[in-house]
Amino acid sequence: MHEFRLDDYLARIGFRGSVEPNFATLAALHCQHVNAIPFEGLDPLVGLPVKLDLGALQRKLVHGRRGGYCFEQNILFMAALETIGFKVTGLTARVLWMSPPNSPLGPKTHMLLKVDLPDGPRLADVGFGVCVMDAPLTFQTDVEQRTAMGTYRLSEVDGLFCLSAIQPQGWRGMYAFNLEPQIQSDYEIGSWFAATHPAAPFSSTLIMERVSDDKRYKLVNRKFAIEARDGQRLDERTLGTPAELQKTFEETFNVVPPVPAEQVFSRLPP
């Protein structure tokens, strides 16, 4: 086990408030985490292993000017919350985002958190990389929950919860999950599948996202987009050179890639 250095994490995300285990702290940490630590899957794309032990996560996401994908992001966030004194349960989910309606459920390749507060549980998730949540949600079904950057709805049938988000085309399923607690080995298996299986996107597709104030920044391969709340597209362009990719890494995502930008760019489809 590695000691979690809370002060280093709080400095990384720029958090200077009190750290009482209450909703105000949870919401502020959630918002500042997704602003400071972007979602990115660079390691699987260039063939590097994804390590989920707490020491490796702190070296990479806290001290190394890197982001990470869901398992990395939410394990780190869970460690921060537990160190503060929150009661947190790690869960896993089956991603729906790219699946046609009514298609069979896929494997558990996403991690999320249930945070129990005196006034009820909250769903916290700083690592869903195509629609990063900017705030925790209540575990209340069949109501629209608005955040600064999105509108979400949680539904439940026979113990299976489904989280959806409004997009310009209407409601879109994000993922399905139950409340069975998970352990580190569950995340190791899910992360290995997500990073290496040909059916998973990360070994062949660059996905990056950051939510800051009133904008959402997305990079999928060479397509860079800026969105407003609920996925409303403000701008979109194609990155044409490794230099443009490097500039986007530095200026938009504040990330130092693990290999030169030229090597990343060469792996992206035109």
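Which residues do ring pairs link into a cluster? They are Trp97, Phe128, Phe139, Phe161, Tyr175 and Phe177, where rings of Phe, Tyr and Trp (its six-membered ring) pair if their centres lie within 6.5 Å. This is a predicted model, in which local features need pLDDT of at least 70 and side-chain atom pairs count only at pLDDT 80 or more, while totals for chains, interfaces and linings use all residues. Residues are numbered from 1 along each chain as its sequence is written, and side-chain values use heavy atoms, with hydrogens and water left out.

**Aromatic pairs**

- A search of the whole structure finds 12 aromatic pairs; among them, Phe4 and Tyr9 have ring centres 6.0 Å apart and planes at 50°, so the pair is tilted (planes under 30 degrees apart count as stacked, over 60 as edge-to-face and the rest as tilted).
- Phe4, at 12% relative accessibility, counts as buried, and Tyr9 counts as buried at 0% (buried means under 20% relative accessible area, exposed over 50%, partly exposed in between, with a 1.4 Å probe and protein chains only).
- The rings of Phe71 and Tyr187 are also tilted, because their planes stand at 55°, with the centres 6.0 Å apart.
- Phe71 lies in helix 5 and Tyr187 in helix 6, so this pair ties together parts that are 116 residues apart in sequence, and both residues are buried.

**Helix 5**

- Helix 5 (residues 70-84) has 15 residues and reaches 21 Å from its first C-alpha to its last, close to the 21 Å expected at 1.5 Å a residue (the expected span is 1.5 Å times one less than the number of residues; helices, H or I of at least four residues, and strands, E of at least two, are DSSP runs numbered from the N terminus).
- Because 13 of its 15 residues are buried, helix 5 is largely enclosed by the rest of the structure.

- An open sheet is formed by 5 strands in the order 1-10-11-12-13, with antiparallel pairing (two strands pair if DSSP finds at least two bridges between them).
- Strand 1 (39-40) and strand 13 are the edge strands, each pairing on one side only.
- Strand 11 and strand 12 pair in the antiparallel sense over 5 bridges, and Arg216 stands opposite Glu227 in strand 12.

**Asp7**

- Asp7 lies in helix 1 (residues 6-13) and, at 62% relative accessibility, counts as exposed.
- The C-alpha atoms of Asp7 and Lys223 are separated by 36 Å, and the two residues are 216 residues apart along the chain.
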